[in-house]
Amino acid sequence: MPTASLVCEGFRGQAATTAAGLGLPGLPTALVPGHVDVQTVDELRQNVAAVTVDAVIKNLTETIARAGHAVAEPAPADIVFEGDFDEVNRFFYENDWSDGLPIVPPTPERVASFLRWSDRPGETELGVLLPDQRRATVWNVAVNGVMAGCRPEYMPILIALVEAMADPRYGVEHSGNTPGAETLIILNGPLIKELGFNFEQGALRDGVHANTTIGRFWRLYLRNVAGFLHHRTDKGTFGNTWRVVLAENEDALRRIGWSTIAQDEGVSDANAVTISRFTGGGVIASVFGNTPDSMLPYLADSIVRKVGWELMFTVGMGAGSQRPLLLLSPILAETLAKAGLDKAALKQRLFELCRIPAWQFERYVGAWTNLVPGRPTLHALAKDGVIPPVFAESDDPERLVPIVCRAEDLMVAVSGDPLRTNAYAFAHNGILGFPTTKPIRLPAEWSRMLREARSQ
Amino acid sequence: MIGPDGREVYRVVWPRGGKTVQAADVAPRLSSLEGKVIGQLWDDLFRGDEIFPILEEELQRRFPTVRFVRYDTFGSTHGRDEQRVLAELPGRLRQYEVDAVISGMAC
């Protein structure tokens with residue numbers, strides 16, 4: 001069926017590369033000049049009438065050149081280049097296959113050493129990734145793992161990460177959206193200690209091999225297999241550097257009887273990864289107090305302050321998909337637990353405290369951002385069943401409303417310096433990177449292989 | 001391996017994955033918009049609710065017999081109901097005898 005796709009000026013490049021990725025390189029687009037959100041009603045009308053209408057007519061009625069022949073691409077095991085370390089790095093960078101840091105050359109021998117750490121053959125398909133519609137396989141997981149500087153024994157984690165990336169619930173296709181959110185990987189299970197992940201002081205800092213290289217792997221894989229590239233499919237206005245893996249402090253969790261993030265997300269396997277995209281976050285320093293009543297108002301206030309336009313994921317597009325994350329240092333978690341709070345009770349208390357006036361909420365998603373069509377009131381959305389009744393308990397614009405739909409939408413993790421009273425709040429990207437947890441499958445001979453690898 | 005000049009030489013493989021779709025031609029275009037039915041698809045973002053009425057008005061002026069099926073008939077193509085809306089789309093387009101589609105907003 002003939003189509004015309006309305007594309008603002010800044011998105012023409014992304015439209016072209018995405019269309020090619022989807023197999024329709026000739027897909028026509030109709031330009032909407034500039035960015036519509038900064039135009040007056042008259043300017044918008046003039047631009048659409050003068051430029052867009054003609055383009056729409058052309059899109060729908062004029063013959064479009066044929067797609068042409070696809071360029072042949074290498075087979076997985078093909079040697080694509082031979083050279084020394086610098087030459088390989090230059091070749092990969094010039095082909096957009098590298099992030100700019102030196103890569104470890106992915107030789108067949110190194111790739112094979114990674115494949116040993118999975119019981120699944122290299123050609124096993126883990127999913128198909130948008131926007132390039134490329135096949136994610138155990139083989140190309142190994143290739144990108146080598147390049148990122150990972151160790152072979154990280155393979156089970158890398159595979160689980162790609163399974164999560166390919167899960168439609170996560171929404172990898174949104175990874176190039178303009179707010180430039182970055183994925184946080186959270187690791188749970190005995191692998192944290194077996195592979196030497198940092199889960200204490202500096203938990204979010206680069207510098208520990210496993211945390212750092214697996215974080216880098218994530219973005220290399222997004223680049224090389226999903227196909228997210230600067231100035232093309234990645235439209236992050238500012239973007240972020242990739243995050244290192246966050247490993248939870250499971251010793252602390254066990255001591256206080258709290259569940260892990262993976263368990264909270266419904267995966268009870270011994271080892272698991274959870275991925276979620278966060279638009280940003282910030283530290284909550286020097287939490288003072290020894291009771292929930294003295295500590296929680298400050299924590300709740302900080303969570304609220306990190307969330308602004310992201311409230312559209314509470315009430316607008318993907319309503320109910322807003323999942324902020326509170327990261328507590330062990331001493332804070334232990335203090336709250338000592339006062340009798342389990343995780344569910346903590347989330348309920350935070351749900352009651354993380355509130356803002358209804359008029360302010362409506363301003364974030366209406367007057368200031370125009371992110372909910374028609375700028376409906378919270379009352380109207382609650383009446384239509386889009387959001388729970390808690391958003392419309394009175395007509396008072398000063399009434400306090402929550403920032404998420406349910407207490408369980410708040411996520412709580414424990415890591416970082418065990419003896420500092422600091423926390424960290426992450427603002428979430430809603431449906432565009434929804435929390436997704438996958439179990440990590442170890443090879444049958446895991447224990448023996450790890451023992452042997454350690455002895456070498 | 002070591003090259004003839006004593007440098008260590010690496011033979012390296014491709015880091016990407018095979019494409020799962022082949023490039024295809026887009027559908028044949030219409031000879032004119034006169035008498036045709038145009039479906040509107042919107043992702044509920046970036047002033048589509050203002051832009052589609054302008055397009056309607058201007059296209060109607062140039063092609064008086066063109067008709068439109070509005071975006072709210074189909075539902076939002078982005079967000080909570082995205083997968084359902086897209087799955088239902090072929091049937092809905094047939095149901096409303098749509099000849100062509102205008103889709104927005106990429107912004």
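In the predicted model, Glu82(A) stands opposite Arg11(B), a residue of strand S1(B). The two residues belong to a pairing between the chains, in which strand S3 of chain A, residues 79–83, is joined to S1(B) by 4 bridges, with the two strands running antiparallel. This pairing is part of a contact between the chains that involves 49 residues of chain B and 74 residues of chain A. On the side of chain B that touches chain A, the elements that give two or more residues are strand S1 (10–13), helix H1 (48–62) and strand S4 (100–106) of chain B. By class, that side of chain B is made up of 26 nonpolar, 10 polar and 13 charged residues.

A second pairing between the chains involves strand S1 of chain A, residues 3–8, which is joined to S4(B) by 4 bridges, the two strands running parallel. In this pairing Thr3(A) stands opposite Val101(B) of S4(B). The two strands take part in an open sheet of 5 strands, paired in parallel, whose order is S2(A)-S1(A)-S4(B)-S2(B)-S3(B). The edges of the sheet are held by strand S2 (29–32) of chain A and strand S3 (67–69) of chain B, each of which has a single partner strand, so that one side of each is left without a neighbour in the sheet. With direction ignored, neighbouring strands of the sheet are turned by 25° against each other on average.

Helices from both chains lie across strands of this sheet. Helix H2 of chain A, residues 41–61, lies across S1 and S2 of chain A together with S4 of chain B, and runs at about 175° to S2(A). Helix H1(B) lies across S1 of chain A together with strand S2 (37–42), S3 and S4 of chain B, and its direction makes an angle of about 145° with S4(B). Strand S4(B) also contains Met105(B), and the peptide bond that joins Gly104(B) and Met105(B) is cis, with omega at about 0°.

The domain assignment of chain A gives domain 1 (5–61) and domain 2 (181–204 + 243–439). The centres of domain 1 and domain 2 of chain A, taken over C-alpha atoms, are separated by 37 Å.

Elsewhere in chain A, strand S4, residues 125–129, and strand S5, residues 134–137, are joined by 4 bridges and run antiparallel. Leu129(A) stands opposite Arg134(A) of S5(A). The two strands form a hairpin with 4 residues between them, and in the turn Gln133(A) has a positive phi of about 55°. The loop between S4 and S5 of chain A also holds Pro131(A), and the peptide bond leading from Leu130(A) to Pro131(A) is cis, with omega near 5°. In general, most residues other than glycine have a negative phi, and most peptide bonds are trans. A further positive phi in a residue other than glycine, near 45°, is that of Arg375(A), which is found in the loop between helix H15 (358–367) and helix H16 (378–383) of chain A.

Helix H5 of chain A, residues 138–148, packs against helix H8 of chain A, residues 209–226, at an angle of about 125°, with the axes 9 Å apart. At this angle H5(A) and H8(A) are therefore oblique to each other, and their crossing is right-handed. Residues of H5(A) that meet H8(A) include Asn140(A), Asn144(A) and Met147(A), and those of H8(A) include Arg216(A), Phe217(A) and Tyr221(A). By class, this contact of H5(A) with H8(A) has 6 nonpolar, 5 polar and 1 charged residues.

Helix H5(A) also packs against helix H6 of chain A, residues 155–165, at an angle of about 120° and with the axes 10 Å apart, in a crossing that is right-handed. On H5(A) the contact is made by Val138(A), Val141(A), Ala142(A) and Gly145(A), and on H6(A) by Met155(A), Leu158(A), Ile159(A) and Val162(A). These residues divide into 7 nonpolar, 1 polar and no charged.

Helices H6(A) and H8(A) in turn pack at an angle of about 40°, with their axes 11 Å apart, which makes H6(A) oblique to H8(A). Their crossing is right-handed. The contact joins Ile157(A), Leu158(A), Leu161(A) and Val162(A) of H6(A) with Ile214(A), Phe217(A), Trp218(A) and Tyr221(A) of H8(A), and by class it has 8 nonpolar, no polar and no charged residues.

Note on methods:
Residues are numbered from 1 along each chain as its sequence is written. Chains are lettered from A and ligands numbered from 1 in the order in which they are written. This is a predicted model: local features need pLDDT of at least 70, side-chain atom pairs count only at pLDDT 80 or more; totals for chains, interfaces and linings use all residues. Two residues are in contact if their C-beta atoms, placed from the backbone, lie within 7 Å. Ala, Val, Leu, Ile, Met, Phe, Trp, Tyr, Cys and Pro count as nonpolar, Asp, Glu, Lys and Arg as charged, and the others, Gly among them, as polar. Two strands pair if DSSP finds at least two bridges between them. Domain bounds come from an automatic or database domain assignment. Axes are lines fitted to C-alpha atoms, for helices over the stretch in contact, and angles run from 0 to 180 degrees between N-to-C directions. Angles under 35 degrees count as roughly parallel, over 145 as roughly antiparallel, 65 to 115 as roughly perpendicular and the rest as oblique. A crossing is left-handed if the near helix is turned anticlockwise from the far one by less than a right angle, and right-handed if clockwise.
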